[in-house]
Amino acid sequence: MAAHCRASELDLSWISRVQVNQAAVLRRAEQIQARRSVKKEWQAAWLLKAVTCIDLTTLSGDDTFSNVQRLCYKAKYPIRQDLLKALNMHDKGITTAAVCVYPARVCDAVKALKAAGCSIPVASVATGFPAGQTHLKTRLEEIRLAVEDGATEIDVVINRTLVLTGQWEALYDEISQFRKACGEAHLKTILATGELGSLTNIYKASLVAMMAGSDFIKTSTGKETVNATFPVAIVMLRAIRDFFWKTGNKVGFKPAGGIRTAKESLAWLSLIKEELGDEWLTPDLFRIGASSLLSDIERQIYHHVTGRYAAYHDLPMS
């Protein structure tokens, strides 16, 4: 994982100067979506790269130990072994980057991964996910309990009100307290970009989150009406790049919500490569939050290896 970013103070002058050129961002987003994807062996390699960057996620009200256990098994064996063998990748230790669950299910995930002899990180959402509208004291306690139970990554949600009303110091203070509550666990800050009102607000919130010590900034909870989109991602990635140029700190990026197809995952990898470079194309600095994406990637790899599309029963459920 990237070293914890430790920005020492809030730079309000930088935030106040921010202006996003929306037309230019939209043009750039159209370019990405219009690009042809890679083919054949190259495609298989990129799809396996995407697998290693997935935070395999279940965030349902009916989560149980058994479906968390199944999720953890799928995280350890994301692609059928015979398919990996055909690609000569069976001995490369390909797993997903993490499993992501609600705080009450962290113990289940830790137990299941331990039983599987696997050291994949457990990520927990926290801080009143997805709305972030609970008392700060409760939100901080939720982080501490998840860490106590064995979560090594915490995906927090910000109080959107602070962004919409321009309370940047208050937002900085809130995220700084989240950072402290995480201890050694990595802090992934969800901006819920679909609810922040403008691209300029998204850029400013990204900067504040990084200044306050976030290891990752993340687009969405997956529960908003608008989740991960390319215009939003471009703004967040430019903020990450600017922050790196100014401070030397590398902060990771995680799009989440609505990324369901192998083709979409390739477009996201391409965007990261072009905006931030190959250094960011690792699980340390890039994650995809997804629940159904892995199934489509495995389906595409099955097609690449066998020349036919899988029937429903050919691939194990995630």
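**Aromatic pairs and the annotated lysines**

At 10% relative accessibility, Phe-129 counts as buried (buried means under 20% relative accessible area, exposed over 50%, partly exposed in between, with a 1.4 Å probe and protein chains only). The model is predicted, so local features need pLDDT of at least 70 and side-chain atom pairs pLDDT 80 or more, while totals for chains, interfaces and linings use all residues. Residues are numbered from 1 along each chain as its sequence is written, and side-chain values use heavy atoms, without hydrogens and water.

A pair of aromatic rings is described by the distance of the centres and the angle of the planes. Rings of Phe, Tyr and Trp (its six-membered ring) pair if their centres lie within 6.5 Å; planes under 30 degrees apart count as stacked, over 60 as edge-to-face and the rest as tilted. The count comes to 6 aromatic pairs. One of them is stacked: the ring centres of Trp-14 and Phe-243 lie 6.4 Å apart, with planes at 10°. This pair links distant parts of the chain, 229 residues apart: Trp-14 is in helix 1 (residues 12–17) and Phe-243 in helix 11 (residues 230–247). Helices (H or I, at least four residues) and strands (E, at least two) are DSSP runs, numbered from the N terminus. Both Trp-14 and Phe-243 are buried.

Tyr-102 and Phe-129 form an edge-to-face pair, with centres 5.9 Å apart and planes at 75°. Tyr-102 is partly exposed, at 22% relative accessible area. Phe-230, Phe-253 and Trp-268 form one aromatic cluster.

Two lysines lie over ring faces. A charge sits over a ring if NZ of Lys or CZ of Arg is within 6 Å of the ring centre and within 35 degrees of the ring normal. Lys-111 lies over Phe-65, at 5.5 Å from the ring centre. Lys-250 lies over Trp-280, at 5.7 Å.

An unreviewed UniProt entry lists Lys-218 and Lys-254 under "active site". They are spread over 37 residues of sequence, yet cluster in space, with a largest C-alpha distance of 4.5 Å. UniProt positions follow the numbering used here, feature names are shortened, and annotations may be inferred rather than shown by experiment. Lys-218 is in strand 6 (residues 216–218) and is buried, at 4%. Lys-254 is in strand 7 (residues 252–254) and is buried, at 0%. Lys-218 touches residues including Asp-155 and Lys-254 (contact means heavy atoms within 4.5 Å).

Key:
Lists of a residue's contacts leave out its neighbours within four places in sequence.
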